[in-house]
Amino acid sequence: MKKGYGDIHYSVLFLDKIVARADASSSEALLAYRIASALLRHFDALQCENPLVTLSFATDSLRVYFSGQLQFHIQARKHRSIIWIPGGFSPALRAQIQSRPDIFPVEAEHISWIVTAGGIEWLFDYLRHQWTSQTNLPPQSVVTHTREIPGNVRQAALSEFLNMGRWCPGVFGITKRHRLGDDDRIEFDHILPHSAGGSNSYWNVQVMCAECNRIKRATAR
C-alpha cells in the first residue's frame, strides 16, 4: 500500500539537527539555521522549476536527483550544512567546489564541504545553468502541462521507492519485480497511463527502472 512521506516533517528534522544540539553561540546557531532553511527553499524551488530534479529526504541527508540519478547529498550537522558528494558522483561539481574554498570550506577532503551563504548563491546559479543547458528545457510556461508530474508528487514517490528498498515493480506479464542499484537510472511512471486518463496524483505514480518504463510505454495499448 502506498504511503506518503511528509515534506514538512522531514524539513523540521533537518533543521532540528542544525540547531538543537549545536555547541555554538546564539548568533552562530541562527546563521546556521538561516543557511539550512535557505537551502531547503532553493531546492524546493528548483524541483518545481525543473521536472528532471527530484528530492528525497533520508534519515541523515537530503538526496538530490537529476534525470533519475543521484547527484549529491545535503547533510545537516551541528551548526552547519554539508554538501556531500560520494566518490564517482558529480565530478564536475566536485571540481568546481574544490576550487572555491572561500565559500565551501572543507569538511572532509575530496568528499564534503561546508555550505556558506555565498556558497548557496553560487551553487544554485551553477545547478540552474548546468541542468537547464544539458536538457534544453523550454521555459516553465511551456513545460507545465497536464502530463507533467508535480515536484512534490515525484518527491513522495521517490521517498517511498528508496525507503521500501529500491524495488522496480516490473511490467506485468513481461518483466519481474527486481531490486535496483544506486547507479541504476530511474524514471517516474503513471500506473494508469496518462493516455488512458491516468492522473498525476501520488496514488497513480510509481518509480521504475528506465528499461521497464521503456518496455511499458512500447507495449501500452
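**Surface and helix α6**

Author: This is a predicted model. V19, L30 and Y33 make a nonpolar surface patch of about 230 Å².

Reader: How far apart are the end C-alpha atoms of helix α6, and what span should its 13 residues have?

Author: Helix α6 runs over residues 151-163. The expected span is 1.5 Å times one less than the number of residues. For the 13 residues of α6 that gives 18 Å, which agrees with the distance between its end C-alpha atoms, 18 Å.

Reader: How many residues of α6 are buried?

Author: Among the buried residues of α6 are G151, R154, E160 and F161. Helix α6 is largely enclosed by the rest of the structure, because its buried residues number 11 of 13.

Reader: Which residue just after α6 takes a positive phi?

Author: The phi in question is about 100°. It belongs to G165.

Reader: What share of the contacts between residues at least 6 apart in sequence joins residues at least 24 apart?

Author: The protein chain has seven helices and 10 strands, and 45% of its 221 residues count as buried. Contact means heavy atoms within 4.5 Å. Among contacts between residues at least 6 apart in sequence, the share joining residues at least 24 apart is 57%.

Conventions:
Residues numbered from 1 in each chain as written. Predicted model: local features only at pLDDT ≥ 70, side-chain atom pairs only at ≥ 80, totals over all residues. Heavy atoms only, no water. Helix = DSSP H or I, 4+ residues; strand = E, 2+ residues; numbered from the N terminus. Buried < 20%, exposed > 50% of the residue type's maximum accessible area, 1.4 Å probe, protein only. Patch = residues over 30% accessible without salt bridge, like charges linked within 9 Å, V, L, I, M, F, W, Y side chains within 5 Å. Areas by Shrake-Rupley, 256 points an atom, 1.4 Å probe, with all protein chains shown as cover. Salt bridge = Lys/Arg side-chain N within 4 Å of Asp/Glu carboxyl O.
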